[in-house]
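Hi everyone, thanks for making time this morning. I'd like to walk you through one model, beginning with the ligand and then moving on to the strands.

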Amino acid sequence: MLRRTLLWASTNPFLAERLPRYGFVKRATRRFMPGEELSDALAAARELADGGIASTLTLLGEHLTADSQADEVHDHYVTVLERIAELGLDAEISVKPTQVGLDFSSEGAHARLLSLMRATKSRVWIDMESAEHVDATLDIFRGLRQEGDNVGVCLQSYLRRSLADLEALLPLDPSIRVVKGAYREPPEVAFPSKGDVDRNFVKMTALLLMARAAGSSATTIVATHDTRMLAEAGRLAYELGVDKRAYEYSMLYGIAEREQRRLALNGHRVRVLVSYGAAWFAWYMRRLAERPANLWFVAKQLVR
Ligand code: FDA
């Protein structure tokens with residue numbers, strides 16, 4: 001119930017307008033983001049790199065409504081890519097399709113993502129948003145994959161359709177980030193039970209690793225903080241003889257940091273997604289919904 005309420009709040013414009021004005025709410029975001037500025041994210045990426053952990057940078061914001069806004073996001077990411085190159089960081093970017101115009105022009109979103117791919121040799125990630133965007137997002141991914149291999153897309157194991165989507169994408173030797181899924185979806189679309197979501201997560205990871213073992217260059221990103229999923233992926237990779245360098249574990253900034261360090265020390269590739277920017281409200285509500293115990297952290301900031 002609390003999870004559903006928090007997910008409802010994440011899409012409520014009234015709350016999005018008012019809650020971020022409160023200092024205690026803003027302070028509470030520090031649990032999951034190093035700051036609002038690109039410089040904060042780059043400093044966090046440098047610190048992670050010093051501990052042998054790579055990063056993915058993502059500017060918060062979604063559902064933009066005008067070409068000028070989407071162009072601004074595109075131009076910002078070009079700057080990010082330049083700064084990453086200047087600093088010699090092992091960092092990629094991850095972009096929400098509706099942040100580069102998907103809500104009003106999939107051609108525009110495609111063109112902006114293609115331009116970002118051409119501005120870097122590192123991978124450009126396409127986030128997966130709520131279920132109504134999946135078809136358009138996968139169409140864009142397929143188109144971009146024809147243009148180069150430095151593009152990857154996220155698939156969500158809570159969606160009933162995702163296993164079939166993954167099977168259909170495998171001939172492209174895709175880079176896929178497997179996540180559980182963070183949005184509020186109806187039961188016809190998404191498995192309501194956590195057990196089913198977890199089983200599907202393992203199935204999708206296994207399918208990708210098996211493809212790799214069979215000679216595909218498909219890349220698996222196991223993006224979760226769930227230690228059972230992480231261990232299962234490692235076990236499967238080991239049994240299939242997939243090299244540790246051929247897949248990655250990915251987690252969110254500020255979550256399961258001990259596990260991030262443990263995996264990196266054990267020779268695994270670990271990448272942390274670092275979010276930054278002023279438009280953090282919807283994203284922050286989704287983080288609270290994933291673990292309502294995080295509300296204690298917000299409450300503590302209120303008391304302070
Ligand atoms: P699960 O929710 O089962 O949590 C497992 C354990 O992890 C919990 O018991 C807790 O210990 C810890 N944990 C999880 N979330 C926490 C939190 N917020 N605070 C504190 N502890 C927490 N989603 C999406 O729909 N589209 C996308 O593009 C992406 N992209 C993405 C990239 C990366 C790198 C990651 C790690 C995640 C995403 N996600 C995402 C989010 C994803 O769908 C999912 O909501 C979160 O990863 C939380 O789910 P877990 O897999 O960690 O499992």
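Let me start with a term: a polar contact here is a pair of N or O atoms within 3.5 Å. Please also keep in mind that this is a predicted model.

With that cut-off in hand, look at Ala182: one of its backbone N or O atoms lies 3.0 Å from an oxygen atom of the ligand. Met128 also uses its backbone, with an N or O atom 2.8 Å from a nitrogen atom of the ligand. For Lys194 the side chain does the work, and an N or O atom there is 2.6 Å from an oxygen atom of the ligand. How much of the ligand does the protein bury? Taken alone, the ligand exposes 930 Å², and the protein buries 85% of that.

Now for the shell as a whole. There are 26 residues around the ligand, and Lys180, Gly181, Lys194, Thr224 and Glu290 come nearest. Which elements each supply at least two residues of it? Those are strand S4 (151–156), strand S5 (175–179), S7 and helix H12 (281–290). S7 gives the largest share, 3 residues.

S7 is a handy bridge to the next part of the talk. This strand, residues 247–252, pairs with S8 in the parallel sense over 4 bridges. Within that pairing, Tyr249 has Val270 of S8 as its bridge partner. To get from S7 to S8, the chain passes through helix H11, residues 257–265, in a right-handed β-α-β crossover.

S8 has another neighbor too. Strand S1, residues 54–59, pairs with S8 in the parallel sense over 6 bridges, and Thr56 stands opposite Leu273 of S8.

So why do we call S8 largely enclosed by the rest of the structure? Because 7 of the 7 residues in S8, residues 270–276, are buried. In a regular strand, side chains alternate between the two faces of the sheet. For S8, one side holds Val270, Val272, Val274 and Tyr276, the other holds Arg271, Leu273 and Ser275, and all of these are buried.

Together with helix H5, residues 67–87, S1 and S2 make a right-handed β-α-β unit.

S2 then pairs with strand S3, residues 124–126, in the parallel sense over 3 bridges.

One contrast before I hand over. Gln146 lies in helix H7, residues 134–147, and is exposed, with a relative accessible area of 62%. From Leu81, Gln146 is 65 residues away in sequence and 22 Å away in space, C-alpha to C-alpha.

That's my tour, and I'm happy to go back to any part of it.

Terms used. Residues are numbered from 1 along each chain as its sequence is written. This is a predicted model: local features need pLDDT of at least 70, side-chain atom pairs count only at pLDDT 80 or more; totals for chains, interfaces and linings use all residues. Side-chain values use heavy atoms; hydrogens and water are left out. Buried means under 20% relative accessible area, exposed over 50%, partly exposed in between (1.4 Å probe, protein chains only). Two strands pair if DSSP finds at least two bridges between them. A crossover is right-handed if, with the strands pointing away from the viewer, the path from the first strand over the helix to the second runs clockwise. A residue is near a molecule or strand if one of its heavy atoms lies within 4 Å of it. A polar contact is a pair of N or O atoms within 3.5 Å; within protein, one must be able to donate a hydrogen and the other to accept it, and residues adjacent in sequence count only if both atoms are side-chain atoms. Accessible areas come from the Shrake-Rupley method with a 1.4 Å probe; for residues, only the protein chains shown count as cover.
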